[in-house]
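Reader: Please take a close look at a single part of this model. Then connect it to the rest.

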Amino acid sequence: MLAIDFMPNLIAENERVNGHLRNARFAVGDATELELPAGSVDVLFSNWLLMYLGDAEVAGLASRALSWVVPGGVVFFRESCFRQSGDKQRAKNPTHYRDPREYFRLFDDARGLAADGTTPVRFELVTCRCVDTYVRLKQNQNQLCWKWRVVAAEGGGGGGGGGEDAAAAAAEGEGGAAAAPAPMLSSDSNGSSKSSTPAAAPATPSRRTPSAVSLLSSSSSCHGTPRHFLDAEQYSAHSIARYERVFGRGFVTSGGEASTRALLPMLSPALQHKGKREGGPSPSSSSPSSNSPPRVLDIGSGLGGAAAILAADYGCRVRGIDLSVNMVLSAMDRHNAAAAAEDGGAGARAAAALARFEVGDATRVELEESSFDAVHSRDTLLHIEDKALVLRKAFAALRPGGMVLLTDYLKAPPSEEGGEAPAAAPASASASASASASADAKAEPEDPTLEFSAYVSRRGYHLWDLPTYAAALSEAGFEDVVAEDRTGAFEVCLAAELERAAGDRDAFVRDFSEVDFEEVVGAWRAKLARVARGQQRWGLFVARKPLV
Ligand SMILES: C[S@@+](CC[C@H](N)C(=O)[O-])C[C@H]1O[C@@H](n2cnc3c(N)ncnc32)[C@H](O)[C@@H]1O
């Protein structure tokens, strides 16, 4: 353990208090000039440091850290973002209250060389989240922390095409033909390629040659990971605003708030054993005294609409995880606004204290075993190739008796490809009823099969059919698996959403543009056509983790 600060009195006090620790050493040093031996650090930790540095200083430190930290090692930092958190008036405040996107940019762009002096390395995001204490006690989502892992930079790095590894995507706009990154979110690696080399704390900081680092920093960029693809394409700020116009505020999912409110009661059995808030479902009388809120993991939490309902109406403590920085920052912003709203009252503040959001990949997120009462995920797994891994993670993270509720886009089972299943199936048809739906495949003149696969591919989607989903839930260990083809309800939602967008063309064009209007209306009509052909479907899945 090497503790460094540029204030001699602080280092002296630190050493006075902790100097008895045989594995700790203390040094006065300036982070902007610090040099450490390459490969000498496993974990680099800083708290409220980078916000006092300029951008160039942060970038320089990030590049140098890439050589200090062993591949597989981590860098953690926590900073005040957006604005001052406390209310103390300061005549002079040197703090940079950055938009968190600035820290993403600085660390995404950083390049360096590993200790061998030849292997290019970069940072791979593990997580970015709010500091819990601030959320709970102050309803403040402005204290953010990041954890990055050092990985090889060439070919995307990271071992096996994980969440941050992919080729760049072409930009062709929402509803258009943006090419998905490839490979997309396969995750055979958990990134734990931790070096066995122990971190040798330096006796004296040494200098290293910076030339190769600065060349690499300026010539390459890791923008092109699935996270960047989502933020630049489907979930750019502009696209999110358009989606919200169609789905309703806070939601980017079929049926928006109404479908969320209609489906959430299915999780009630898993949430009822704990306390209850006004407006939520009744708690069971067996344990009404428990004060601890039910814990829900929302995978692909988007703008936080479902988390807000779970917190406000069900009294749940919600952990929302989403790969899109735009989505997560919007969700944080909205919870901050709800907490601050004058008319929000104590209920809004309490709800804001119960939901927190983080940027992370569902295939890689670190989850404590048996730590959730329920897992909720709406229309998110369509982005993820290794859905089975996410289902296994959800299973492990649930307590015995905990429940999962998912909705997702589906494709037709092979026996029905090109058929007319959804129109024939009632909105809540069971898996078996769905399986028996019409298989009368009729080729459309414009080759709908190609159109569907082109849509799936440019979106970067990975769609399963309903029986595959149901089987994967069982294989993950779930019981009481309900798998319903809800394409009928999906179709109703699509029609209502199309009406919402197209019904007031002038207002849409005024708020966005002609092009936006045509793209959105075209995209929704195309979805309806795919549904009518039986290609694009929508499923609801509910299952329980066995008690023993
Ligand atoms: C269609 S939106 C649904 C958002 C939200 N569930 C809702 O109901 O409004 C899909 C969400 O999945 C997120 N996502 C995609 N891939 C992900 C991954 N690997 N891990 C976590 N979230 C992911 C996207 O960023 C996006 O917010």
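Author: A338 lies in helix 11, residues 325–340. Helices are DSSP runs of H or I, at least four residues long; strands are runs of E, at least two; both are numbered from the N terminus. This is a predicted model: local features need pLDDT of at least 70, side-chain atom pairs count only at pLDDT 80 or more, and totals for chains, interfaces and linings use all residues. Residues are numbered from 1 along each chain as its sequence is written.

A338 is buried, because 20 other C-beta atoms lie within 10 Å. Buried takes 20 or more other C-beta atoms within 10 Å of a residue's own, exposed 12 or fewer, partly exposed in between, with C-beta atoms placed from the backbone. A348 is 10 residues away along the chain, yet the two C-alpha atoms are separated by 5.9 Å.

Next, helix 18. In this helix T487, A489, F490, E491, L494, E497 and A501 are buried.

Now the ligand. Of the 25 residues around the ligand, T253, G300, G302, S324 and A362 come nearest. A residue counts as near if its C-beta atom, placed from the backbone, lies within 6 Å. Helix 10 (305–314) and strand 9 (317–322) are the elements that give two or more residues to this shell.

Last, confidence. The protein chain averages a pLDDT of 81, and 76% of the residues score at least 70. pLDDT is the predictor's confidence in each residue, from 0 to 100. Over residues 275–289 the pLDDT is below 50.

Notes: Contact = placed C-beta atoms within 7 Å.
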